[in-house]
Amino acid sequence: MSRKKWPIFLIAGIILCAIFGVALAIYIGGSYVANSSTPVFAYDQSASAQSGYTRKTLTSEDTTYESDYAEYALNVTGADNSNLVGRVVEGGDIYAIPGQAPSAYVVLWEFMSPVGVFRNSDHPAFDWRTASFYEIRFSSLTIATATPPVSKDSVNSQLIQDVLTSLKDGEIVSPSQVSGDVESYALYLYSGELQGMNYCAGVYIDAAGRVYLAENTISQEWHLAGPLFSRWAKLP
């Protein structure tokens, strides 16, 4: 065989291998999808019944999970994504939460990070007003803050009750009424009703040292914190 024909056969061989590889990938992928028992969910967004907020849903046949205002403050406490229970058409994976049955709550992951907790629409929403909490953890929202990062916790029942009383009955203040620089924090509350999760309230401290609490970190309704928590939040 002449040397001139070698490049022609080489190119032809590469093309045939590429075609075969693509066909094999399509076959394997199609076979996986056809044989997979993992439910596929459609993702959608609509206006929440809570004015100014968004309701997100995951739907597959007769099963619907939702992430509405009541779920905004719910967080998974670990990064366990070993139990896949569904996939999202638009992209993302749905996992069970350790300690929670998938018939109650699941977590949506995208790009190796949790997006949010979703509640089965047939399961009652978590009500922080009637729940019992045994621990709180106060923390900076981000590491890159103007002041050193904060992280401390407490199991003091009076302190926890002071937080809940403020959130229920504290004077309501709009963020627009607060002047000057405001530092933002997260307050994680732990309840036996939230296995594998916690409830995250928002905490804000203005330039004058006043402390505010909110039901979640994006709520536009802040409450003046009580004296006990206000002192504790500002302690080193």
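**Close-up views of a predicted model**

**View 1. The largest nonpolar core.** Of the 35 residues in this core, the ones touching the most other members are Phe126, Phe133, Leu187, Leu189, Tyr199 and Phe229. At least two core residues come from each of β7 (105-110), β9, α2, β12, β13, β14 and α3. There is also a second, separate core of ten residues, with Val85, Val88, Ala96 and Phe118 among them. A nonpolar core here is a set of buried Ala, Val, Leu, Ile, Met, Phe, Trp, Tyr and Cys residues joined through side-chain atoms within 4.5 Å. Buried means under 20% relative accessible area, exposed over 50%, and partly exposed in between (1.4 Å probe, protein chains only). Helices (H or I, at least four residues) and strands (E, at least two) are DSSP runs, numbered from the N terminus. In soluble globular proteins, nonpolar side chains tend to be buried together.

A note for all the views: this is a predicted model, where local features need pLDDT of at least 70, side-chain atom pairs count only at pLDDT 80 or more, and totals for chains, interfaces and linings use all residues. Residues are numbered from 1 along each chain as its sequence is written, and side-chain values use heavy atoms, with hydrogens and water left out.

**View 2. Leucine 187 and its contacts.** Setting aside residues up to four places away in sequence, leucine 187 touches Ile136, Arg137, Phe138, Val163, Tyr199, Cys200, Ala201, Val203, Leu213 and Phe229. Contact means heavy atoms within 4.5 Å. Phe229 turns up again in helix α3 (residues 227-234), where it is buried along with Ser230, Trp232 and Ala233. The buried residues of α3 pack against β9, β10, α2 (157-169), β12, β13 (197-206) and β14 (211-214).

**View 3. Strand β9 and its two partners.** Six of the eight residues of β9 are buried, so the strand is largely enclosed by the rest of the structure. Seven bridges join β9 to strand β12 (residues 182-191), running antiparallel, and four join β9 to strand β10 (residues 151-154), also antiparallel. Two strands pair if DSSP finds at least two bridges between them. Arginine 137 has aspartate 153 as its bridge partner in β10.

**View 4. Zooming in on serine 139.** Serine 139 sits in strand β9 (residues 133-140) and is buried, at 16% relative accessible area. Its bridge partner in β12 is alanine 186. Not counting residues up to four places away in sequence, serine 139 touches Val150, Ser151, Tyr185, Ala186 and Tyr188.

**View 5. The seven-stranded barrel.** The closed barrel runs β1-β2-β3-β8-β7-β6-β5, with mixed pairing. Neighbouring strands of this sheet are turned by 35 degrees against each other on average, direction ignored; axes are lines fitted to C-alpha atoms, for helices over the stretch in contact, and angles run from 0 to 180 degrees between N-to-C directions. Two bridges join β3 (residues 63-67) to β8 (residues 113-120), which run antiparallel. Here glutamate 66 has arginine 119 as its bridge partner in β8.

**View 6. Tyrosine 105 in β7.** Tyrosine 105 belongs to strand β7 and counts as buried, with 3% relative accessibility. Its C-alpha atom is separated by 6.0 Å from that of asparagine 120, 15 residues apart along the chain. Leaving aside neighbours within four places in sequence, its contacts include Leu74, Phe118, Phe126 and Met197.

**View 7. Glutamate 61 in a loop.** Glutamate 61 lies in the loop between β2 (54-60) and β3, and at 78% relative accessibility it counts as exposed. Its phi is positive, about 55 degrees, although it is not a glycine. Most residues other than glycine have a negative phi.
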